[in-house]
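Q: Hi! Could you walk me through how this protein is packed? I'd like to start with what counts as a contact.

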Amino acid sequence: MVHPESEQYIIIAEHLNKIYPGSIKALDDFTVKVKKGEVVVVIGPSGSGKSTFLRCLNGLEEVDSGQIIVDNIPLDDNEKHRLEIRREVGMVFQAFNLFPHMTVLENINLAQQLVRRASRKEATAVTRSLLEKVGVANKADSYPEALSGGQQQRVAIARALALMPKVMLFDEATSALDPEMIGEVLDVMRDLAAEGMTMVVVTHEMGFAREVSDRVVFMEDGRIVEAGDTEAFFSAPQQERTNDFLRQIL
């Protein structure tokens, strides 16, 4: 059955509930919908459920109830649907998760060859193009240990893009980086946003959030405290809790 709003939204996450052992409610009747080409930034204190939400969006975590639909594909028990969503949704984590025994080129080629069934020649052409795009074209034959944190994260972004996803999820993609390396990763993310990539970004970088996002979602205790247009969110928040949070981090 086609969801009535699937034409309007590429991501529909409705009434999500996720409870961890010990009755910790990571998501509490949580609903977010994202339009194609929209950049949504999710902010909130530690433990508010931000990362859990992202991990549920591509099936890395299971929700206890609620529904997730990505590009009109339901994330359900159908393995075919799950594989389709994994192809549609690229994810970049706080840790770079590159295979240390493989070169940069091999790291990015791997998923293309396994998932997209690309030949080595086809995969390599895509990889070199993406390395150029993220500014590390000269690192194709290097191993991850020879790269800075910022370079490794840009390679991780290239790897996620190699499967040609329609949606990119970023989970604190800059929080493990030294301050001088954060900018080079944010620049790549800015470029993606400018190209019209649909993005859901969990971040503490409020300057980036204000500059690049279309909408901000502020979470606490698994629920949405406030959500809205970026400029209005930062300039005139409606909730006192939002005000308190922004005063602490701005």
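A: Happy to. Contact here means heavy atoms within 4.5 Å. Keep in mind that this is a predicted model.

Q: Good. Which residues is Asn109 in contact with, leaving aside its neighbours within four places in sequence?
A: Asn109 is in contact with Arg120, Ala123, Thr124 and Thr127, once neighbours within four places in sequence are set aside.

Q: And is Asn109 buried or exposed?
A: Asn109 counts as buried, because its relative accessibility is 3% and the cut-off for buried is under 20%. Asn109 lies in helix α3, residues 104-115.

Q: How do α3 and α4 cross?
A: Their axes come within 9 Å and cross at roughly 125°, which means α3 is oblique to α4. The crossing of α3 past α4 is right-handed.

Q: Which residues make that contact?
A: From α3 there are Val104, Leu105, Ile108, Asn109, Gln112 and Gln113. From α4 there are Arg120, Glu122, Ala123, Thr124, Val126, Thr127, Arg128 and Leu131. By class, the contact of α3 with α4 has 6 nonpolar, 5 polar and 3 charged residues.

Q: Who meets whom in α4 and α5?
A: Leu130, Leu131 and Lys133 in α4 meet Val155, Ala158 and Leu161 in α5. That contact of α4 with α5 has 5 nonpolar residues, no polar ones and 1 charged.

Q: Now α5 and α6: why are they called roughly parallel?
A: The axes of α5 (residues 149-161) and α6 (residues 179-194) come within 8 Å and cross at roughly 20°. That crossing makes α5 roughly parallel to α6, because angles under 35 degrees count as roughly parallel. α5 passes α6 in a right-handed crossing.

Q: What residues of α5 and α6 make the contact?
A: On the α5 side it is Gly149, Gly150, Gln151, Gln153, Arg154, Ile157 and Leu161. On the α6 side it is Met181, Glu184, Val185, Val188, Met189 and Leu192. The contact of α5 with α6 has 7 nonpolar, 4 polar and 2 charged residues.

Q: Let's change topic. How many residues are in the largest nonpolar core?
A: The largest nonpolar core has 47 residues. Those with the most contacts inside it are Ile43, Ile157, Met168, Phe170, Met189 and Met199. Helix α6 gives the most to this core, with 8 residues.

Q: What does Met168 touch?
A: Not counting residues up to four places away in sequence, Met168 touches Gly90, Val92, Ile157, Ala160, Leu161, Met197, Thr198, Met199 and Val200.

Q: And what's in the second core?
A: The second, separate core has 27 residues, including Val40, Ile68, Leu169 and Val217.

Q: Last topic, backbone angles. What is phi of Met164?
A: Phi of Met164 is near 55°, a positive value in a residue other than glycine. Met164 lies in the loop between α5 and β7 (167-171). Met164 is exposed, with a relative accessible area of 57%.

Q: What about Asp221?
A: Asp221 is not a glycine, yet has a positive phi of about 55°. Asp221 is found in the loop between β9 (215-220) and β10 (223-229). At 55% relative accessibility, Asp221 counts as exposed.

Conventions. Residues numbered from 1 in each chain as written. Predicted model: local features only at pLDDT ≥ 70, side-chain atom pairs only at ≥ 80, totals over all residues. Heavy atoms only, no water. Axes fitted to C-alpha atoms, helices over the stretch in contact; angles between N-to-C directions. Helix = DSSP H or I, 4+ residues; strand = E, 2+ residues; numbered from the N terminus. Parallel < 35°, antiparallel > 145°, perpendicular 65-115°, else oblique. Left-handed = near helix turned anticlockwise from the far one by under 90°. Nonpolar A, V, L, I, M, F, W, Y, C, P; charged D, E, K, R; others polar. Core = buried A, V, L, I, M, F, W, Y, C linked by side-chain atoms within 4.5 Å. Buried < 20%, exposed > 50% of the residue type's maximum accessible area, 1.4 Å probe, protein only.
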